[in-house]
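Visitor: Could you walk me through this one? I'd like to start with a helix and then look at rings and strands.

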Amino acid sequence: MVSLLGVAGPASLTAPARAASLTEVTGFGSNPGNLRMFRYVPDGLPAGRPLVVAMHGCTQSAGGFDDETGWTKWADQWGFALVLPQQQSANNLNSCFNWFEAGDIRRGAGEALSVKQMTDRMKADVGSDPARVHATGLSAGAAMTNVMLAAYPDVFASGAPVAGLPYACATSVVAAYSCMNPGSNLTPAAWAAKVREAYPGYAGPWPAVSVWQGTTDTTVVPANLTETVEQWTAVHGTDTTPDATGTVGGYPHAVYRDGSGRDVVETYTITGMGHGQPVDPGSGAEQCGRAGAYILDVNICAAYHIGRFWGLGEGGGGTDPGAPAQRAVIPSTAADDGYVKASASGAGAAVGTLEGTMGAAVGRGTDGQHNRTLLSFDTSSVPDDATVTRAYVTVSRAGGSGDPWAGGNRLLIDVRDGCFGASCATAAEDWAAPATASGAAELARFTSGSADSTAFTGVNRTGPTQLRLRLADAPASTAYLFLRTGAEAKLTVEWEPAS
């Protein structure tokens, strides 16, 4: 038996990286989890394509998890980028991701943050679509998949744990063994609470989840499939009774839908399979992979069916769970962007001088004044009768000083259906003008590059939508960042057309 903990088990079976196109990336962030980053980008891949994060199991490596599982085949065929985090033996004896360490599964910390920083680097380097980022993994990588979906639901649209465990099943080695076998039995509400505690205040949308499990797995017992389903169906507000059942490739398949009829959780129960990733070697339209240690030839390609569930590829089989039919990426209106300066109380508000290279300021400057940034977007392209399912802003950092997020401070976004003032041009009144939705979204800490906000839905369909970026609390000392405006600030709006 291979331990998912790295505290016992056989010697490493790590395979060397083979594919010349699998390349290592360094300098992708602060990397608090001390992970390595590998990526596979098909030649000529255009910007705006999906991104898949695939995490290996214990005793494996990025180079032993790319084409063996079939993910590089579908990256080439369907057109998406692939990032493969790799654990280091210095962190874990058997190169397992540390899914059971409290410091590695929290938002903004440890290995979870390292993987998130890898996705940020990919979005910056290859222009991956931030609305179509997906995570999957095997064994400890599957447990880490649930970590990423829980800690960063604003980053990952969907995920697929293969032989994994529910999020926060364990936060110690002792508890981890019990989670693996015989499993931990909690109520759906208790499991869902663990997910919601990973990102307090986040209200959705939540990632859709495809769960895979072998019935004869004694390393991660099948009870973990049941508990994982209970966790994610409860998060989505639905029950544990499947809305559709059948077989795919001869194996039981179940689908769970939310109140709007979207497929939010699915399961594949691989009868007679032990601990591993299902593959079906061959050149057929649905075949993939190469059998090996914990890569099991059971005549079904998990990567193919997972990708279809996520909406990757074209034609036949599967939809993008919860994804809207339409979307637009709108650059901000540079002429109306700017920032307003005032005292900590808001007194003496005045328009700041927009930096030609640095952009607009947020936070407390060296002059002791406090700054709020205004960004304007023409959202009239959204149909009047459409249902906006998600909107988020992407901003690029140009510089700054100190840590605006220190002490638990938050960078909030107020949304105005129209303009904060008499016009959308930045004016002193914008400092305190009422918002349609105050604190509707926020930006988590980032030190360089670009970042996406959490989601909101209040968008003006007949004209401009303005955003005001501000710190929740006035810093006691200098702490600010500059954000680029114009084409480097984008609002992504997703909607469902009227039926």
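Guide: A word on terms first: buried means under 20% relative accessible area, exposed over 50%, and partly exposed in between, with a 1.4 Å probe and protein chains only. Helices (H or I, at least four residues) and strands (E, at least two) are DSSP runs, numbered from the N terminus. This is a predicted model, in which local features need pLDDT of at least 70 and side-chain atom pairs count only at pLDDT 80 or more, while totals for chains, interfaces and linings use all residues. Residues are numbered from 1 along each chain as its sequence is written, and side-chain values use heavy atoms, with hydrogens and water left out.

Visitor: OK, which residues of α1 are buried?

Guide: In α1 the buried residues are Trp 71, Thr 72, Trp 74, Ala 75, Trp 78 and Gly 79. They lie on the same side of α1, because they cover an arc of only 160 degrees around the axis, the arc being that of the directions from the helix axis to the C-beta atoms.

Visitor: And what do they pack against?

Guide: The buried residues of α1 pack against several elements, including β2 (36–40), β3 (51–55) and α7 (302–309), where contact means heavy atoms within 4.5 Å.

Visitor: How are the rings of Trp 74 and Trp 78 arranged?

Guide: A search of the whole structure finds eleven aromatic pairs. For Trp 74 and Trp 78 the ring centres are 4.7 Å apart and the planes are at 20 degrees, so this pair is stacked. Rings of Phe, Tyr and Trp (its six-membered ring) pair if their centres lie within 6.5 Å, and planes under 30 degrees apart count as stacked, over 60 as edge-to-face and the rest as tilted. Trp 74 and Trp 78 are separated by about one helical turn because they are four residues apart in α1 (residues 71–79).

Visitor: What about Tyr 199 and Tyr 202?

Guide: Tyr 199 and Tyr 202 also form a stacked pair, at 5.2 Å centre to centre with 10 degrees between the planes, and both are buried. Arg 107 lies over the face of Tyr 199, 3.7 Å from the ring centre; a charge sits over a ring if NZ of Lys or CZ of Arg is within 6 Å of the ring centre and within 35 degrees of the ring normal.

Visitor: Switching to strands: how many residues of β18 are buried?

Guide: Eleven of the 15 residues of β18 (residues 387–401) are buried, so this strand is largely enclosed by the rest of the structure. β18 pairs with β24 (residues 490–496) in the antiparallel sense over seven bridges, with Val 393 opposite Leu 491; two strands pair if DSSP finds at least two bridges between them.
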